[in-house]
Amino acid sequence: KSRVSARIGGISESATLAVDAKAKALKAAGRPVIGFGAGEPDFPTPQAIVDAAIAACSDPKNHRYSPAAGLPELREAIATKTRRDSDYTVQASQVLVTNGGKQAVYQAFQTLIDPGDEVLLPAPYWTTYPEAITLPGGVPVVVSADESTGYLVSVEQLEAARTPRTKVLLFNSPSNPTGAIYPPEQVEAIGRWAVEHGIWVVTDEIYEHLVYGDARHVSMPTVVPELADTCVVLNGVAKTYAMTGWRVGWMIGPSDVIKAASNLQSHLSSNVANVSQRAALEAVSGSLDAVAEMRSAFDRRRRKMVELLSAIPGVSCPEPQGAFYAYPSVKSLLGKEIRGLRPQTSVELAALVLEQAEVAVVPGEAFGTPGYFRLSYALGDEDLVTGVTRMAELLAEAK
Ligand code: PLP
């Protein structure tokens, strides 16, 4: 019998974190690696938020345990923010504050899934979803989309994958890894289909404010109000306020689900660090000015990246509408010779790019769709140009 349980032994390391760790290790060893791996804004956390945290450190009430479900003020502020940003009315009791959006994803599936329940999972999907679905015994049913539909799945595809065991649809727009955004009418169509068939929707809206051009983010339970009783909304401060390391996220849902998830959290991790919660309170109650500034920098980098990637022979890159990732297809390059090697998969091609061009990208295998690269454009303008150019020069050698 194996020493590690089958359930936990079956989890693989987060591929995105692994790529980032490898790039950082090579950098520490003196190699000029440029990393497109991490999904992390390069901006500092806005000063007012940092100041709120500094003040919180000196306040003795923050040195103690606080309610497991979150500081009452923060739960209230998140409910208010949800009305402000999504026009979705929820009570503070429907909000559970978690250690980052990741814990919200984990707890959502722990709370909704029994062994054998199926979860419709549109691909390309964020690396963490299948693990979070599988842990409570759920079965991810992958519904794949590619660049021909802008990486969006249709109601028809979802309906074809539906079975009597289908319990949940995982929905993520703007998407990590593709940057795709579902247009409002498609969000509504999918929401109506879910209500019609009694399927829960877990909607991950962590990139809600990172939306470019004419694209618009709408929250599914706002456009389909009947969904409110069978919908869990996931969100957090990481991407909007450059607060990845602070670890504050939340889940919003019907009271019974939130109560059950809070019970779980009361045994798992208790309250999120009070100092981080105080910082998050400042973030969600404050203005969105800093976000607007970051968004315009991301937008500039997005357009630059698409321009540079599209110019590489064999690479095709639909324009992402949101988040901070580009997701080009590299299928036409697979099997070609580059510097004496013939990579057959995007994993092998990404390894070659790291070795030969000293550029780190995450291969599409990590997102359930081999044949693609994910590049984050949440890095400095200069590094972005240098890195993509270096990769382009290498890939241009393919024959
Ligand atoms: N959801 C998506 C789609 C993400 O990309 C991420 C982070 O990469 C998260 C949730 C969780 O973010 P965090 O745990 O840092 O709040």
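Predicted model: local features only at pLDDT ≥ 70, side-chain atom pairs only at ≥ 80, totals over all residues.
**Figure 1. The seven-stranded open sheet.** Here 7 strands form an open sheet with mixed pairing, and their order is E2-E8-E7-E6-E5-E3-E4. At the edges stand strand E2 (95-98) and strand E4 (139-144); each has a single partner strand, so one side of each is left without a neighbour in the sheet. From one strand to the next, the twist averages 20°.

Figure 2. Strand E2 and strand E8 (residues 249-252) run antiparallel and are joined by 4 bridges. Thr 98 stands opposite Gly 249 of E8. Helix H10 (residues 255-268) lies across E2, E8 and strand E7 (231-236), and H10 runs at about 25° to E2.

**Figure 3. The residues around the ligand.** The ligand is surrounded by 14 residues, of which the closest are Gly 100, Gly 101, Lys 102, Asn 176 and Gly 236. Helix H5 (residues 100-112) gives the most to this shell, contributing 4 residues. By class, the shell around the ligand comprises 8 polar, 4 nonpolar and 2 charged residues.

**Figure 4. The packing of helix H4 with helix H11.** The axes of helix H4 (residues 72-86) and helix H11 (residues 274-285) come within 9 Å and cross at roughly 25°. This angle makes H4 roughly parallel to H11, because angles under 35 degrees count as roughly parallel. The crossing in which H4 passes H11 is left-handed. On the side of H4, the contact is made by Glu 73, Leu 74, Ala 77, Ile 78 and Lys 81. On the side of H11, Gln 277, Ala 280, Leu 281, Val 284 and Ser 285 take part. The contact of H4 with H11 has 6 nonpolar, 2 polar and 2 charged residues.

**Figure 5. The packing of helix H3 with helix H11.** Helix H3 (residues 47-58) packs with H11 at an angle of about 145°, and their axes are 8 Å apart. The crossing of these two helices, H3 and H11, is right-handed. Helix H3 makes the contact through Ala 48, Ile 49, Ala 52, Ala 53, Ala 56 and Cys 57. Helix H11 makes it through Asn 274, Val 275, Arg 278, Ala 279, Leu 281, Glu 282 and Ala 283. The residues of the contact of H3 with H11 divide into 10 nonpolar, 2 charged and 1 polar.

**Figure 6. The packing of helix H13 with helix H14.** The axes of helix H13 (residues 346-357) and helix H14 (residues 381-395) lie 10 Å apart, and the helices pack at an angle of about 110°. That angle makes H13 roughly perpendicular to H14, because angles of 65 to 115 degrees count as roughly perpendicular. Val 353, Gln 356 and Ala 357 of H13 form the contact with Arg 390, Met 391 and Leu 394 of H14. In the contact of H13 with H14 there are 4 nonpolar, 1 polar and 1 charged residues.

Figure 7. Ala 123 and Pro 124 are joined by a cis peptide bond, for which omega is about 0°. Pro 124 is located in the loop between strand E3 (118-123) and helix H6 (128-134). The peptide bond from Ser 173 to Pro 174 is also cis, and its omega is near -5°. Pro 174 is located in the loop between strand E5 (166-172) and helix H8 (184-196).

**Figure 8. The backbone at Asp 87.** Although Asp 87 is not a glycine, this residue has a positive phi of about 55°. Asp 87 is placed in the loop between helix H4 and strand E2. Helix H4 is the helix that passes H11 in a left-handed crossing, and strand E2 stands at an edge of the seven-stranded sheet.

Definitions and conventions. Residues numbered from 1 in each chain as written. Near = placed C-beta within 6 Å. Nonpolar A, V, L, I, M, F, W, Y, C, P; charged D, E, K, R; others polar. Axes fitted to C-alpha atoms, helices over the stretch in contact; angles between N-to-C directions. Parallel < 35°, antiparallel > 145°, perpendicular 65-115°, else oblique. Left-handed = near helix turned anticlockwise from the far one by under 90°. Contact = placed C-beta atoms within 7 Å. Pairing = 2+ DSSP bridges.
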